[in-house]
Structures are given as structure tokens and as C-alpha cells.
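The two exercises below are meant to be worked through with the model open beside the text. Each begins with a task and continues with a stepwise solution.

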Amino acid sequence: MASASLTPPALVGRSAELAVLDGHFGAALVRQTALMLTGEAGVGKTALLDAAALRAAGAGFRVLRVAGCPFRRGVGFSALNQLLQPLADGLPSLPARQAETLQAVRGLSEEQPAELLAIANAVHALLARTVAGTGPLALIVDDVAWVDRPSATVLGTVARSLHTEPIALLGAARTGDESFLSNIGIPEYEVGPLDEVSANELVAERFPAMAARVRRRLVAEARGNPLALLELPVPLNDLQQTERGTLPAVLPLTERLKGIFSTRVTALPAATRKLLLLAVLDGSGELHILQRALGLPDGLAGLSPAERAGLVQVDGVTGRLEFRHPLTRSAVMELATSEERRWAQLALAAELPAGSEHRARHLADAAVGPDDEVAALLHEVAYRTLRRGDAVGAITTLLRASELSGTGTAKARRLAEAACLGANITGDLRNVRALLDNAGHADPSGVGSLAAATAAASRLLNGEGDVDTAHRLLIGAIETHVWPEDGESVEDIFREALNTLLMVCFYGGRPVLWHSFEDVVKRRRPPTSRRLLPVILGAFADPAYGALPFLDRLDHLVSGLHQQTDPVRVFGVALSASYIDRLPGCRSALRRVVDDGRDGGAVALAIQAQFLLANDAYAGGQWDELLEITEEGLGWCATYDYRLTASTGHFQRGLVAAARGDGDTAREIADRLVSWGNPRGLGALRVYAAHIRALSALGGADFDAAHRLLRALVTPGEVPRFMPHALWLLLDFAEAAVHTDHHEEAAAHIAAVRGTDIPSISPRLAMLTDACEAMANPDVIDHGLFEAAIATPGAERWPFDWARICLAYGERLRRAKAGGAARVHLDAALGTFERLGATPWSARAAGELRASGIPVKPLRPVESEDRDRHALLTPQERVAAQLAATGLTNKQIAARLFLSPRTVAAHLRSVFRKLNVTSRGGLRDALTGPMP
Ligand SMILES: Nc1ncnc2c1ncn2[C@@H]1O[C@H](COP(=O)(O)OP(=O)(O)OP(=O)(O)O)[C@@H](O)[C@H]1O
Ligand SMILES: [Mg+2]
């Protein structure tokens, strides 16, 4: 029975190579062809031959295989016999002489094997006869360079002599290895490294538990060599694979890799190896550094043997020393003793200036026990690393600094800082507890430090803790914090403390929390100014009253995001932008943060970035995209334990469910938000839940319920301070109030909104304010306001809001018996709702259309006068004309219909001609006829 393990594992990637192989076999059906695969050790030649054998068999070839073997190289004809063994049955059909020749080659006759040429002829005859009997043949020879010499000579002769038979010869050998198939004009195909996507896929598939961050490192080291990709993880323990332990700077090799990469290093003279060790540890490739560290004037001469062996080269342009393969570096490290390594680290450190990051790292690597001075240097390096946007590297460095710390206080401080950055930036929330415990053991008095409090608050918020405890903890730590001398690192920790406090206040949702935030910031000024903080406090925490003064600065910050490398800063800017419609400008920067998280970088920030992108997608009507984004974000939240952060993703999905009429999902999400948030004092989650429920009720035309729910959040005539979410509820409240005959409430509310900054913040908020004010007026239809809202430039960017305004206007017009005008708006609303999948609203719009006696698509026949007029227009022209009649520009219409503005212009020219009108103003009447 065939065992499953005999099936080669599925090939990852390699579509180009497989296409070449398929072409090879395709060509061989017509005439004999030969192809050699070459490539470095472990690049995947044998794997490709395995795949090729399967494909050849699938294409009707009979496949014969053999692999050269270093231990059987001295056994004459061993390869040839193995290759031809399956054809032994055909020997009797050959002329007697040739049959005997081949029997002798197999060692089955008394005779000495004949001349090699005669053998080659016999083999040729056997192959030709087989082809004639059973069809095309594929001869696959792996490791050609190790094929025994007589077999090689015979096979080489056969390869040259076959021409017309359908035989495909396919060989493989390492690049540079001479073989019988070299230099005889056979085409060669160099198998290159796996591309990065395939490399990641291969590792992810074989080592599913491995953290993305570790994978990224391995993929970089292996440079697309599949053998290295599969072998490098082997010596790493579970902790290292799941990134709870740190990875060594140079990865260890398995025996198998050592066999390949160490042999050539071992063969080098001692002086050369010393030089290579310096080069590995230095990492810059600068020859003058190596020379100085070596301390010998002609020391670089020692490089020559390594160059000749093809292990290193000096780049002609940069003049730097390069290792041809990164794993040679590993081999050099493995072959060095610990004493040699220490010598090299110190020699390199001695050549570097005092403030250099590399110097600090060399000294740290050379240290054998605690060393306060080195620990302090490393501590500084950690924050430089953080500011470059590499929080993962910063944490690793902090942890090493804590190991080198001589005092409990310093150790505890560094551990707590690592915990803090882990919780807030890199997604290491799960490690916080252990790190803080260790910090507590090292210095029991340091548990209240700013970093420790921040890490603990993040953990509390996402775990079983409540808002007030987290708030007290943070405020207390900020109040009592004493700035140490080295203010630099503290600034970053302070920033994290404030960001955490920001989240506490936001999710707590009570103004009093924000007040003490403002107080403490005023009293405890951080060592250097934090220019973003006031922007966040104004634009995010209290946009209705605080955004306006910061809009210019924020717009400036948003426009500079494309070159921002610090993900914490990207997050801060995008957060400020989130309630005030500036997220579209942050998209590409946020996507970079997400990509970094996917790569195992700043995961905690990547989650936040996903949900900010989801906010943007909600407003922009990209709801399917929102579902995808939040699915990934929530997956990360579950993996990394960010339960509070997850609530925002749930909320966003709840809104889409409500808008699309999936009441069960909406209800379930709302219930979950409340049951999780209430005991923890998370007021924002109550608001989220009420918003979802209210939207669900509005969709279902249960206006009483919607009104009841929203009245709990909105006090008419009052726009509370520090309630950014109030900006999301304008339309909902107006709609609910108006439909339940509470026009006075809607009017009072919108009057209060007019008294805030809201209408001046963005065109969207101005549009909503106008529309709500028009809706609130029970007596007359304020055409001016409604139409101004509908014609807001760029309104197509917020399709759900816009269509709801069209619906509201259409409803009013319909009730005022202005059926013709109503139809245009209701139609536009209907089309947009349908595109969004906002089923309950589509149904409402369609219902309105029908109730007004206005024809609705297939639902009822078209009235005759309209039919006559409309029959003139194509469907596209009709829609474009209706949109033009609502006051939209060609560009806006184009965006909505996914057409080019030029096409829209052409449609409209044709409409004007057919309807005999000369202006947009005339369109509306021409389309709808005289108003009833
Ligand atoms: N595209 C691939 N997808 C999945 N696994 C692969 C792929 N390429 C190679 N491998 C795996 O990587 C390892 C090394 O590949 P392989 O043995 O084919 O290399 P090679 O080029 O034949 O090396 P050598 O020169 O030492 O013979 C094997 O375990 C193989 O299964
Ligand atoms: Mg091989």
C-alpha cells in the first residue's frame, strides 16, 4: 500500500518554473528535448523534479528516474541500471547483441561490458523501442554531478544522439557543478530563490504556530532558499517561535544546514575566519572598520581566500563587503568560540564613537554579567529604535538592558517600560503580567511607576478591570511621577500614558473623566511640548466645541502623513481626524500601519488602524470592505487579547448589520456591547449599542423605538461637551423625532448644533445640519436647505447620509403632493440604498414611490405621459438626467454611476436633445411633467 508520506509535499509558488517544465514536456511530444535545472543547494531543484514527474505522468509520459549519489559514484553503471530497471522486460525484444550488452552492464552476464559507445547504442535502441511500444518517455536525473562516470558517459552520448523520439530528458545539479550534461549545448534553467510571498507561505504552512514577527526574520535570513526556510525554525524552541523569547542576532543552523554552509568556512585559514567574524558582527560591510578593528595594516589581505571560495564579495559600487548568502554568516558565528566572539565585539566597539548605537550593542553583546553603564547606553538605544518606528526592536533592547541592569530599580523600570510599549504598541498584552511581576520582584517599590501603571491600565481595560480603576491608576501615576534625569525615554512613556488615559476617557464616556485629564495635563507638563495632544483633545475628545481652532493644523498634519514613519503618530493624527471627516487623507498611512502589523510589527496600533479605516469605510459606504477589515482586526483582537479595542470593531459591524436590515445580528452585537461594557463602566459601549439599536429601529420604520433609544442619548437643545459620538447621531435623531411628531425636539436640537462648531467642521457635517434643520420644520418644505444639502459638493462620498436626506426630502415632497419632484429624489435614494445593500431603506424609498402613485421599476406600470417621455431615453441617460436634475455636477454623477465625466456629458447632451431642453433647470420639469 502506498504510504501517504511518499507523496511529496505540495509545491509552494513556482508557477513560472512549472510553466517552463510543462513547455519542456510539451515540446518533447514532438521531438526529443533536454533541459538542465541548476541552482544553489536547497533551492528546490529536487522538489521541482518531483512536481515535474507528476506532471509528465499526467501528460502521458512514462517516467524513469534516478538520482546521482556521492557514495555510489564509484560503482560503475549504478545510475544507468537504476534508471533503466523498469525497462528490463523489453530487453529480449532487442537484437541479441544489444540485449547481451545491456545484460552485461547489469552484471547479469558473464561478459565484460562492451565499449561505452556500443552500450550507448544499445540504450538508444531500448529507449526507441520502448517509445514505439508505450509512448513518450521522461528521463529524470537528479544530482547529475554525482552520477557514476560510466553511466554519465553513456547518458551523455545518448542525450546527443536522440533527436526524433518523443523523449524528455530532465536533469538537475547545483550551479557550478560539472556534469555529463554540462557544456554539450543542453539548455539550462537556473532555479532562483522563492519569492517573498511564497517564502512566507511555505513557513506559515509548515510552522503554523510561528509568530508573524519571527517568520519575517527567518524569511529575511533564508533569502528565498526553501531548505533554509524549513530548517532555520528547527533549532528555535517553542518560546522563540511564538516570540515570547527573543531570537539570537544570528540564527543557529541545523546539522543539515551546517553541512552545506559550514564546510566551506571550515576550510578557510584562521585569519580569514577572524576577519569574517568581525564582518558578521559589524554588519555594515565597511572595510575600513574591519581593518581598524583587526589592528593590522594589511589585515584585509586575509579576505582573499573567502572571496575565492565565493563566500563573500566586495561590491564594485559601494566598496562594501557582502556575504553571498546570509547563512554563511550563521556558519561563521557557529564556528567561532565565545571568546573569539567577545574579542570581536570589543574590538568593534573600540572603533566606534561614544554615542553610537552600534557601540552600545557591541558592548552589550560582549558583556558577561550586569553592567550599569552598558545597560544605560542600551536603554537610550531602545528609545531611538522606537522613534524609528521599530517598537518590537525597542522592546527587545529594553529587555536586554534590564538583564544588564545592576540595580533592582533600574531593572524594574526597564521591564515596566517594555511592558508598557508591548501593551500599547506591539500587541504584547499577554506578556504584560509576567513582565510586571518580574519588575515587582526586582523592585517592590517601583510598581506605581508611570510605565507600570500604563501597562497595567491597558491590561485592566482589556481584561476584567473597570474604567474608574484604570483612570485612577493613570492619573495617580502621572501626578506623582518624578522626571528622572534622562527625560528622553520618559517622553515616550508619558505619551503612552496619555494615550492610554485618552482611551480610558473615551470609552468611559463621561465628561468628568476628561476634565481630570485636562487638569493633570495642565499641571504636569511633560518635559517637552506635545504638540499633538491639544489637537487630539480638541478634535477627537470634544469636536463639537474644540475642533475648529485645530482644523488647519490637523489638515497640515494629515497632508504630511505620507512621510510619517512613527506609527504612534499616525494613530494620533488619524484619531484626531476620525470624527471630523478627515480620515480619507489618512488612509494610506493607516494601511501602512496595518501592513506593519501583518508583518508582526506594531500589532496593537495596527488593530486601531484597522478600525479607523473601518470608520472611514462606513461613512464612505464601503460596507463590504468594512466587514473584511473588521474581520481581520477582530481576529487580531482575539489572538492578542484586546477585548476593549474589539468593541469598536463590533460596533462597526453592528451598524452595517442594522443598516442592511440584519436585525438579529445587530441586536446580538448591541446586547454583547452592553453586557461587556456595563460592569466595566464603559459608557461609550452603551452609546454604541443604543446607536445600533436605534438605526435598526429606523430601518424597520419603528420610529417610536428609535426615538426612545435616542432620547436617552440626546437631550434636545443641548450638545454635550466631550461626546464626540453626538456627531454621528444628528440624522438619526432628526429622523426619529420628525417621524414621531417631535419636530420641536428636532428643531431645538439642531438649533443647539448651530450654536456649536459642528456645521463648520466639514462639508458633510454642514450637509447634515442643513438637512436636519429642513427636516425639523413641520410647516413648510424648506427647498433651499434640502437642495443645498443634496447638492453639497462631494456628497457622493457619503452615500448613506446623502441618500437618507434624499429620502427625507422625497417623503416631504410626496406628502405635499409634489409627486414629480418627489420621484427624482426617491429614485436617487432608492438607487443608492440598493447599491449599499441598505435593504430596509430601499424598501422605505420604494414604498414611498409606490404610495405616491409614482411608477416604481417593475412594481407598477409606468404612467403614459411619463412613459412617452421616458421611452426616448436609454436607462443610463434616464438615471444621469435624474441626477442632473437634483443639482449634481457631471463629476458627481460620474462618481455615482461609475462612469467618466465625459460619458456623463455625452449622455446629458443626448438627453437635452431628446427632451428638447436647453439647461439643467429645464430638466426637472421635463422629466417629471407638471406638478400635480
Ligand atoms: N517550492 C517549494 N514548495 C515547498 N517545499 C519546497 C519547495 N522547494 C523546495 N522545497 C523543500 O525544501 C527542501 C529543499 O529542497 P530540494 O531538496 O528540492 O532542494 P535542492 O535544490 O534539490 O537541493 P540540493 O542541491 O541539496 O539537492 C525540501 O524539503 C523541499 O521539499
Ligand atoms: Mg536535490
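**Exercise 1.** Which of the 20 residues around ligand 1 come nearest?

*Solution.* This is a predicted model, in which local features need pLDDT of at least 70 and side-chain atom pairs count only at pLDDT 80 or more, while totals for chains, interfaces and linings use all residues. Residues are numbered from 1 along each chain as its sequence is written, chains are lettered from A and ligands numbered from 1 in the order in which they are written, and side-chain values use heavy atoms, with hydrogens and water left out.

Step 1: Gly42, Lys45, Thr46, Ala47 and Arg174 come nearest to ligand 1, where a residue counts as around the ligand if one of its heavy atoms lies within 4 Å of it.

Step 2: take the polar contacts (pairs of N or O atoms within 3.5 Å). A polar side-chain atom of Thr46 is 2.7 Å from an oxygen atom of ligand 1, and a backbone N or O atom of Gly42 lies 2.8 Å from an oxygen atom of the ligand.

**Exercise 2.** How do the axes of helices α23 and α25 cross, and which residues make the contact?

*Solution.* Step 1: the axes (lines fitted to C-alpha atoms over the stretch in contact) of α23, residues 467-480, and α25, residues 511-523, come within 10 Å and cross at roughly 10°.

Step 2: α23 and α25 are therefore roughly parallel to each other, a term for angles under 35 degrees.

Step 3: the contact (heavy atoms within 4.5 Å) involves residues including His471 and Ile475 of α23 and Phe517 and Val520 of α25.

Key: A polar contact is a pair of N or O atoms within 3.5 Å; within protein, one must be able to donate a hydrogen and the other to accept it, and residues adjacent in sequence count only if both atoms are side-chain atoms. Axes are lines fitted to C-alpha atoms, for helices over the stretch in contact, and angles run from 0 to 180 degrees between N-to-C directions. Helices (H or I, at least four residues) and strands (E, at least two) are DSSP runs, numbered from the N terminus. Angles under 35 degrees count as roughly parallel, over 145 as roughly antiparallel, 65 to 115 as roughly perpendicular and the rest as oblique.
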